[in-house]
Amino acid sequence: MARAQKTLHSEMRPLQKSDSHHSILRKSSNYLLRSMLSGRSNIGTSENHFTIIPKCHRVTERIMPTCALCKNPFEITPEDLDFFKKISPIFDQKTYQIPPPKLSPLCRRRRRMSFRNERRLYKRQCDFTKKNIISVYAQEKPIKVYEHQVWWSDKWNPLDYGRDFDFTRPFFEQFHELSLAVPHLNLVNKASENSDYCNYSFRNKNCYLIFASHYCEDCQYGNYLWKNKDCYDCLEVLKSELVYEGMYSENCYNCQFIQYCFGCSDSAFCYDCSGCKNCLFSANLRNKEYYILNKAYSRKEYEEKKD
């Protein structure tokens, strides 16, 4: 016991910022054990008492740089720095440290999103077939663009564009040169018929200007559509037919200006309705029929007011 008390007393020192989480727990446990061995009961009032603070809540030094673009200050936490160190690449047993960001989180998000062009389309030539195609890249852009039938084919070998990495030059400088040389895909529009003006789409037929949409037929001007037919000006409408100006709705038929409606038919200007038929200017209805402004009518009254 004397040896244990000597060991425990030797570790009595204030917590340091460099102490690891496990080290704090071990020292705190040792202090509790030492207190019991010495017969102390006022553990919480001892001047040598260790306060256990979770790592995520410990007071740490923060870096507050100014964004190089928007000029607003932003925070870089020690956890951020640890993450950059963790993901820094290692080549030949040498770590190439990723530096802290110079842009604020909002500006970094804007920069990432600038690489995603989903709905702005251009006419240009395919650099492989010389055919006129529709693309997300304008003709004046200094890159090669292949139509998707060619890009997915074996008519060209992407390995021909491989090159060695030069460790004496910045990474993004070399990445930019590589991106200019390798052919880009004009659109993501596979297995579709008569739907050239669509992007991020799959298996559509006779569709025009719909994006991130799949298995649609005779639809126009939409985003995030799935298994629809004859739907126009819709956003995130699924498995519906004859819908105009629908948003976040599913399994609807012959509806106009609806939002958050499910399993509805022959209705218009409705919000948050489910299983409703022949309803107008209504909201929050469930399995109702012949309603106008959330008021029930007979079929004859409904038809008269509707006309």
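Which residues form one aromatic cluster? Select Phe91, Tyr96, Phe165, Phe167, Phe171, Phe172 and Phe175: together they make up that cluster. The model on display is a predicted one.

**Aromatic pairs**

Next, display the rings of Phe, Tyr and Trp throughout the model; the count of aromatic pairs comes to 22. One of them joins Tyr146 and Trp156, whose ring centres are 5.5 Å apart and whose planes stand at 90°, an edge-to-face arrangement. Colour the elements around this pair: Tyr146 belongs to strand E5 (residues 145-146), whereas Trp156 is in the loop between helix H5 (148-151) and helix H6 (171-181), so the contact ties together parts that are ten residues apart in sequence.

**Charges over rings**

Now select Arg116 together with Tyr200. The charged end of Arg116 sits over the Tyr200 ring, 4.4 Å from the ring centre. A second example is found at Lys227 and Tyr215: here the charged end of Lys227 sits over the ring of Tyr215, at 5.9 Å from its centre.

**A hairpin**

Move to strand E3 (residues 122-125) and strand E4 (residues 132-135), which pair in the antiparallel sense over four bridges. Within this pairing, Arg124 stands opposite Ile133 of E4. The two strands, E3 and E4, form a hairpin with six residues between them. In the turn, select Lys130, which has a positive phi of about 65°. For context, most residues other than glycine have a negative phi.

**The open sheet**

Continue to the sheet of nine strands. In what order do the strands of this open sheet run? The order is E9-E10-E11-E12-E13-E14-E15-E16-E17, and the pairing is mixed. At the edges are strand E9 (208-211) and E17, each of which pairs on one side only. Within the sheet, select strand E10 (residues 220-223) and strand E11 (residues 229-238): this pair is parallel, over three bridges. Gly222 stands opposite Cys234 in E11.

Cys207 counts as buried, with a relative accessibility of 3%.

**Two asparagines in loops**

Select Asn251, in the loop between strand E12 (241-250) and strand E13 (253-259). Its phi is near 55°, a positive value in a residue other than glycine. Asn251 is partly exposed, at a relative accessible area of 42%.

Then select Asn294, in the loop between strand E16 (289-292) and strand E17 (295-296). The phi of Asn294 is also positive, near 65°. What is the relative accessible area of Asn294? The value is 39%, and Asn294 is partly exposed.

**A nonpolar surface patch**

For the last stop, show the surface and select Tyr208, Tyr221, Tyr232, Tyr244, Phe257, Phe269, Phe281 and Leu293. These residues form a nonpolar patch on the surface, with about 770 Å² of accessible area together. One of its members, Phe281, lies in strand E15 (residues 277-283). Phe281 has a relative accessible area of 43% and is partly exposed; patch membership calls for over 30%, so Phe281 passes that cut-off.

Notes:
Residues numbered from 1 in each chain as written. Predicted model: local features only at pLDDT ≥ 70, side-chain atom pairs only at ≥ 80, totals over all residues. Heavy atoms only, no water. Phe/Tyr/Trp six-rings, centres within 6.5 Å; stacked < 30°, edge-to-face > 60°. Lys NZ or Arg CZ within 6 Å of the ring centre and 35° of its normal. Buried < 20%, exposed > 50% of the residue type's maximum accessible area, 1.4 Å probe, protein only. Patch = residues over 30% accessible without salt bridge, like charges linked within 9 Å, V, L, I, M, F, W, Y side chains within 5 Å. Areas by Shrake-Rupley, 256 points an atom, 1.4 Å probe, with all protein chains shown as cover. Salt bridge = Lys/Arg side-chain N within 4 Å of Asp/Glu carboxyl O. Pairing = 2+ DSSP bridges.
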